[in-house]
Amino acid sequence: MKTHPLDALAQQLVAPDHGILAADESSGTIEKRFRAVGVPCTEVSRRDYRELLFSSPGIDQHLSGVILYEETLGQTGRSGRRLVQMLEDRGILPGIKVDRGVKALPGHPEESVTEGLDGLRERLSAYREQGARFTKWRAVIAVDEQRPSAPALRANAEALAHYAKLVQEAGMVPIVEPEVLMEGSHDLDRCRTVTTAALDHLFSSLKAYGVRLEALILKPNMVVPGKQSDRPATVEAVAEATVETLTRTVPAAVPGVAFLSGGQSPEEATRHLNAINLVAARLPWRLTFSFSRALQEPPLRAWAGKDGQVREAQSLFSHRVRLNGLASMGRYHPDLEKVT
Ligand code: 5MM
């Protein structure tokens, strides 16, 4: 079969026992996270925090890439090196979030569509110049008895496909993220139904736009009950529902699936990823992580803006990265949580 240079880059992002760090919190989101641990949110504190993460020992053993926010792409660390360069020197691919966030969907104010296609072609070539090798766009799908509507699924899938095609034309690998939210009281089955619909719409749009499936990464939610659900699911049930949903919707040409954590606790997300990989021994794609909160919560809490806490925070971050690297191979065990 004819291959394309971008295929190898996509495979590199989902290399065995590697996953992706999502560090692309927009300024509003990171401000909320910093506020929770009493850190003032300034350009310098955001830079210091991200420099702490990117210079943590051993993370290059298990991180293939980091998704950055636009501001970080241009920042230079205290060490005098550009943050992008720090990643490249460690063999970690820099990526960039390129969407401009969610807006109310016309006619469906309780739902959203992700914006950012205007001027995207020009922005992509500037990001490529600054060192980005891959990109990310997140669509947000809310769940309740009425939602998602067909227009919400269609509009978000179309935008993701339009984005992905532009990114491949710009010589980068697109990550497509259709996130079915955990907010709500829906059960596992409802999440399975909605995730199936979101992925069906997505792959039909990707094909319609001629997006090369071998050169993209899918970043979906795991199939889990809503946070307010009164019907919890076992780790095994989550793993089986997630794998079943993917086998019904994701073409074998896609090289990898890198899950978001979506509000699960760090330990929960790692356990689920591990169980998914145990169910999934014979599946066509690599199944790994692209977590933000589930990787960053422990180091952010430990750091809390204090220089004296940098080492401790780095050690917690490296540990979480390693555990998820193991989980992406089905080699994690909860006993490993205690060993740092
Ligand atoms: C880091 O958060 C990302 C961007 O969110 P905002 O634009 O709202 O700031 C988000 O797309 C993230 O990459 C994924 O949702 C994965 O994060 P979690 O915390 O769910 O693993």
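Q: What makes the lining of the largest cavity, and which residues belong to it?
A: Lining residues have an atom within 4 Å of a cavity point; a cavity is a set of points on a 1 Å grid over the protein atoms alone where a 1.4 Å probe fits but cannot get out. Ala139, Ile141, Leu153, Asn156, Ala157, Leu160, Pro178, Ala198, His201 and Leu202 line the largest cavity. This is a predicted model: local features need pLDDT of at least 70, side-chain atom pairs pLDDT 80 or more, while totals for chains, interfaces and linings use all residues. Residues are numbered from 1 along each chain as its sequence is written, and side-chain values use heavy atoms, without hydrogens and water.

Q: How does the lining of the largest cavity divide into nonpolar, polar and charged?
A: Ala, Val, Leu, Ile, Met, Phe, Trp, Tyr, Cys and Pro count as nonpolar, Asp, Glu, Lys and Arg as charged, and the others, Gly among them, as polar. The lining has 8 nonpolar residues, 2 polar and no charged.

Q: Why is the pair of Phe289 and Phe291 called tilted?
A: Rings of Phe, Tyr and Trp (its six-membered ring) pair if their centres lie within 6.5 Å; planes under 30 degrees apart are stacked, over 60 edge-to-face, the rest tilted. By this rule there are 5 aromatic pairs. The centres of Phe289 and Phe291 are 5.8 Å apart and the planes stand at 45 degrees, so this pair is tilted.

Q: Which residues form one aromatic cluster?
A: Phe34, Tyr49 and Trp303 do.

Q: What makes S4 and S5 a pair of strands?
A: Pairing needs at least two DSSP bridges. S4 (residues 102–105) and S5 (residues 108–114) are joined by 4 bridges and run antiparallel. Leu105 stands opposite His108 in S5.

Methods: Helix = DSSP H or I, 4+ residues; strand = E, 2+ residues; numbered from the N terminus. 1 Å grid on protein atoms, 1.4 Å probe; cavity = no way out; pocket = protein on both sides within 12 Å on 5 of 7 lines; lining within 4 Å.
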